[in-house]
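Welcome! Have a look at the sequence and coordinates, and then read on.

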There are 2 protein chains.
Amino acid sequence: MTANHQIRLKSRPTGWVTPDNFEHVKADMPSPGPGQMLVKTLYLSVDPYMRGRMNDAKSYADPWKLGEACVGGIVVRVEESNGGKFPAGTYLTGMGAWANYQVTDGTGFNPVDPKLAPLSFYLGILGMPGMTAWVGLKGIADMKEGDNVYVSAASGAVGQVVGQIAKNMGCHVAGSAGDDAKVAYLKDELGFDAAFNYKTEKNLFAAVKAANPKGIDVYFENVGGPMLEAVINMMNFNGRIALCGMIADYNLTVDEMPAGPRNLVLLVGRSIKMQGFIVVNYPDLCREWIGVGAKWLQEGKLKYRESVVEGLENAPTAFIDMLKGKNFGKQIVKVADE
Amino acid sequence: MTANHQIRLKSRPTGWVTPDNFEHVKADMPSPGPGQMLVKTLYLSVDPYMRGRMNDAKSYADPWKLGEACVGGIVVRVEESNGGKFPAGTYLTGMGAWANYQVTDGTGFNPVDPKLAPLSFYLGILGMPGMTAWVGLKGIADMKEGDNVYVSAASGAVGQVVGQIAKNMGCHVAGSAGDDAKVAYLKDELGFDAAFNYKTEKNLFAAVKAANPKGIDVYFENVGGPMLEAVINMMNFNGRIALCGMIADYNLTVDEMPAGPRNLVLLVGRSIKMQGFIVVNYPDLCREWIGVGAKWLQEGKLKYRESVVEGLENAPTAFIDMLKGKNFGKQIVKVADE
């Protein structure tokens, strides 16, 4: 039998995450007790929200524990069932350890169908990132046909789905990303009506305005920082801002944080709603998305780009690169062959 | 017959409003055409939102026009009806000119009952400020019994009603105001559970925390500026912020504006909603408030403080003093005896 390894949290970062915050250690091969299953990790997901779990602070997801394996979304195959919920050979997705093997009683794991979509998609377009896009647009921003929709980090795991949902529902869609290849992908592959590289635009206000000529009805916020101020300037009456993440702020202490938008007063006169949300609190919409998303994938109405790194040992680097925006599409770590 | 005068907008302010932005001029006595009424102004209201109408900028209320009379909430008596909607002697409230006399066909005016409440109350607790409190708490913040409610500018026209509604509905209520007499009024007269003087507190974060020991579920935002950052720090999961106004920002150009809150990222993890609103877009709740508010007034469940200045010619000064926080309670200008 193959050896088992884990990626554990070695120290909590101050500021930017470094590889030293993790350690890659050999672990015992676990053995399933009664009612448990031994599962083998095939894919694991690295996501922006995990930055928060590295801190020892109250948040919506529990902090990772020092000296223990990091935890996140994974796709596994049941190797051995000791009277567990699912037979050997079943593919599952759920939250689990960054490890080659682990045991579980199946709580929080759901079976997935490899015929419906590639298994890694259940960590992305059909997993939490896709659900996040759907919940933000439908549950928070109440997006409707004809809305002018703008999304930042538009080529990322969530952003690329946001834009395509909006296009499929008859909206004008604009997005921004951090390099020219991503911008070209948004326009040429995903059908965005407008897109720009926020890193090379000298005037962010002008760039947001040019990409959203009729103003913005729905903003899907992924980045934080100065982008939000430029967006608020262009928001229409009764605009809705779904606050999904503010990746620019995740690695900063409060004193380092950039000033917030100076134009929040515009939210009053324009009756704008700005709302944060956590996807797991909208289980009905999450389920709805799996149906809608799988159907659109099969009909060719959704494209999806992944960035895959191979090897459990490379999960920390994949995570850090993703935080720095080096990924192009949803960042996945492939841990073992299917 | 008495002479007619108007207060007109003479120039648009850059920064703080000054009396020179207005002029007090003698005007012709208007004569009601067929279907019109001649009405005499008894009270007029000066409100923070009017600062926006002094600018030549798109907003929810049309800009006041240069050289024309300022417009706002007024209480009038019908002096003469030329086949108009209401007979002479009827008391009405609606939007009208800062003038002793004007003609109207009655559009936007509604009759008010001087037996139910003093006439000036229809510009305050039973008028737009009271409706604003009700709409913000019920329509935007979805306030429920047991919520921890915090309101800034708590002794102002809107704030004092916000706090009392929340108390009447079984909430913990805290507020802040800009001098010790106002703070004492909140605690001793209006029954606030906690209140503090934000001008004399050295640490705004500590003061907000001490006044809201269980955190904040509902924040009724009247002020803008640094208060919002301190409040966001103390907001509970699923908290709601009703953005009613940001008086601190109304007289500043964008470059002078203070930095926005640096901690907006907390809105994500705590699933906080922040929403601006304009009271006139919630007509059903406005009507509901007149019933609820009048009942509570009669039952002694609402106290209400006004600051009354006499004379049409003093409206500009009353308006400017209100913007600077010199008023104690709802600022009213008494134009003529009832």
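How far apart are the mean positions of the positive and negative charges of chain A? They are 3 Å apart, for 34 positive and 35 negative charges. Lys and Arg count as positive and Asp and Glu as negative, while His and the chain ends are not counted. Each charge is placed at NZ of Lys, CZ of Arg, CG of Asp or CD of Glu.

## Ground rules

This is a predicted model, in which local features need pLDDT of at least 70 and side-chain atom pairs count only at pLDDT 80 or more, whereas totals for chains, interfaces and linings use all residues. Residues are numbered from 1 along each chain as its sequence is written, chains are lettered from A and ligands numbered from 1 in the order in which they are written, and side-chain values use heavy atoms, without hydrogens and water.

## Chain A as a whole

Chain A holds nine helices and 15 strands; these are DSSP runs numbered from the N terminus, with helices being H or I of at least four residues and strands E of at least two. Its radius of gyration, taken over C-alpha atoms, is 20 Å, close to the 20 Å from the globule rule for 338 residues, so chain A is as compact as a globular protein of that length. The rule itself is 2.2 Å times the number of residues to the power 0.38. The C-alpha trace spans about 60 × 45 × 35 Å along its principal axes.

Of the 338 residues in chain A, 58% are buried, meaning under 20% relative accessible area with a 1.4 Å probe and protein chains only; exposed is over 50%, and partly exposed is in between.

## Two positive phi angles

A153(A) is not a glycine, yet its phi is positive, near 50 degrees. This residue sits in the loop between β8 (148-151) and α3 (159-168) of chain A, and counts as partly exposed at 30% relative accessibility.

S271(A), also not a glycine, has a positive phi of about 50 degrees. The loop between α7 (266-269) and β13 (273-276) of chain A contains S271(A), which is buried at a relative accessible area of 8%.

## Helix α8 of chain B

Helix α8(B) covers residues 283-298, and its 16 residues should span 22 Å at 1.5 Å a residue; the end C-alpha atoms are 23 Å apart, which agrees. The expected span is 1.5 Å times one less than the number of residues.

Among the buried residues of α8(B) are W289(B), W296(B) and L297(B). After α8(B) comes G300(B), with a positive phi near 75 degrees.
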